[in-house]
Amino acid sequence: MISLGIESTAHTFGVGVVDDRGKIIFEERDMYVPPIGAGFVPNDLANHHEKIAAAILKKIDMEKIDVISFSRGPGIPNALMIGSTVARYLAAKYKKPLVGVNHAVAHIEIGKLKTGCEDPVVVYLSGGNTQILAHAEGSYRVLGESEDIPVGNALDVFARECGLKTPGGPEVEKLATGSYVQLPYVVKGMDLSFTGILTDAVKKRGEGAAMEDLCYSLQETCFAMLTEVAERALAHTGKKELLLVGGVAANNRLQEMMGMMCGDRGVKFCVVPEKYAGDNGANIAWTGILCKNSRDKSTGIIQNWRADEVDAFWV
Ligand code: AMP
Ligand code: MG
């Protein structure tokens, strides 16, 4: 079986083609980059996706496709609507089944496919999400999460406020060569908060703190918080694998911290390959194959669709 996957939850319009053994046959994406100093405006995302969709999709031989998968959410509605409409059109025109995929679950499943881990505690960190999850009793349970903005968003907004390029995470990583200045460390039980850290870092920049020190301290503080919660999740669940997924997983310092913690606990540490860390269509195509026989056949977009609402029957 061959699945076509369409990703359009936020900044990226992506298309992937994957077979039922997990072989990625095609993967292409285009990311919308806002002008320096600007954030993501929902309509600008939709306009971008609308313009790029046909150019990528016309490279696909539709006769070879058995199922059409697309991101139903969570995401920005204007952006989701483009992928959903395109997928719906292709399914109708070529008479193929349409499968709605949860974007968070797709980040997890591509991580499992690419690293070979089977039953991990998952640390899912991206521009739009920050969650620590593990599979239990039929679905991916959210054990801990951000109470406000995602960690990737904190890095992106800090970078934007300081005049760096978007996405900000890699820019912050490059500049993280200074020494530590105190920022608020906010862990509440299994949950985390990043807005106070962001506000304080931007304020300290206004007061003249060096970018190198602030970038370093942002990384140290946010990643230490996440490592603390991930460790507690491992302790609670007794799982023997940790899987890092989402765009922020590409960060070397984060990998180093999580890797050290796992080493100390005798836990296998896995990181999704950088190529599949950010949003793309292959994640969606693969997960479409896994959840094709789901009892839930509905395909409307869901802005706030949580991973724990998905019946992960295939796991
Ligand atoms: P996603 O939403 O999964 O596509 O991931 C995008 C997010 O990952 C953005 O917030 C980026 O700033 C962040 N990101 C990408 N590369 C890095 C990196 N090397 N370090 C930190 N964050 C990163
Ligand atoms: Mg994502």
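These legends accompany a set of close-up views of one predicted model.

**View 1. The magnesium ion (ligand 2) and its donors.** Let us start at the metal. Three side chains coordinate the magnesium ion (ligand 2): His103 and His107, each through NE2, and Asp279 through OD, at 2.0 to 2.3 Å. Along the chain these donors follow the spacing H-x3-H-x171-D. Histidine 107 belongs to helix H3 (residues 103–115), whereas aspartate 279 sits in the loop between strand S12 (268–271) and helix H9 (281–290), so the pair ties together parts that are 172 residues apart in sequence. Histidine 107 counts as buried because its relative accessibility is 1%. Aspartate 279 is buried too, with a relative accessible area of 9%.

**View 2. The surroundings of ligand 1.** Here the ligand is shown with its shell of 20 residues, the closest being Asp156, Gly169, Glu173, Gly247 and Asn251. Glutamate 173 brings a polar side-chain atom to 2.7 Å from a nitrogen atom of ligand 1. Taken alone, ligand 1 exposes 510 Å², and the protein buries 91% of that. Helix H4 (151–161) and helix H5 (168–175) each supply at least two residues of the shell. H5 gives the most, with four residues.

View 3. Lysine 112 lies in helix H3 and is classed as buried because its relative accessible area is 11%. Its side chain meets that of glutamate 109 in a salt bridge (3.7 Å, N to O). Both residues lie in helix H3, three residues apart, about one turn of the helix. Glutamate 109 is buried as well. A polar contact of 2.8 Å also joins the side chains of lysine 112 and tyrosine 140.

**View 4. A salt bridge between a loop and strand S3.** Among the 17 salt bridges found in the whole structure is the one between the side chains of lysine 59 and glutamate 28, at 2.7 Å from N to O. Lysine 59 lies in the loop between helix H1 (42–57) and strand S4 (67–73) and glutamate 28 in strand S3, so the pair ties together parts that are 31 residues apart in sequence. Lysine 59 is partly exposed at 48% relative accessibility, and glutamate 28 is partly exposed at 26%.

View 5. Glutamate 228 and arginine 232 form a salt bridge, with their closest N and O atoms 2.1 Å apart. Because the two are four residues apart in helix H7 (residues 211–237), about one helical turn separates them. Glutamate 228 is partly exposed, with a relative accessible area of 26%, and arginine 232 also counts as partly exposed, at 26%. Elsewhere, salt bridges that share partners join Glu145, Arg306 and Asp308 into one network.

View 6. Met31, Val33 and Phe40 make a nonpolar surface patch of about 230 Å². Methionine 31 is in strand S3 (residues 24–31) and counts as partly exposed, at 31% relative accessibility.

View 7. Phenylalanine 269 is found in strand S12 and is partly exposed, at 26% relative accessibility.

Technical notes. Residues numbered from 1 in each chain as written. Chains lettered and ligands numbered in written order. Predicted model: local features only at pLDDT ≥ 70, side-chain atom pairs only at ≥ 80, totals over all residues. Heavy atoms only, no water. Patch = residues over 30% accessible without salt bridge, like charges linked within 9 Å, V, L, I, M, F, W, Y side chains within 5 Å. Areas by Shrake-Rupley, 256 points an atom, 1.4 Å probe, with all protein chains shown as cover. Salt bridge = Lys/Arg side-chain N within 4 Å of Asp/Glu carboxyl O. Buried < 20%, exposed > 50% of the residue type's maximum accessible area, 1.4 Å probe, protein only. Donors = N, O, S within 2.8 Å, 3.2 Å for Na, K, Ca; no water. Near = heavy atom within 4 Å. Polar contact = N/O pair within 3.5 Å; in protein donor to acceptor, adjacent residues only side chain to side chain.
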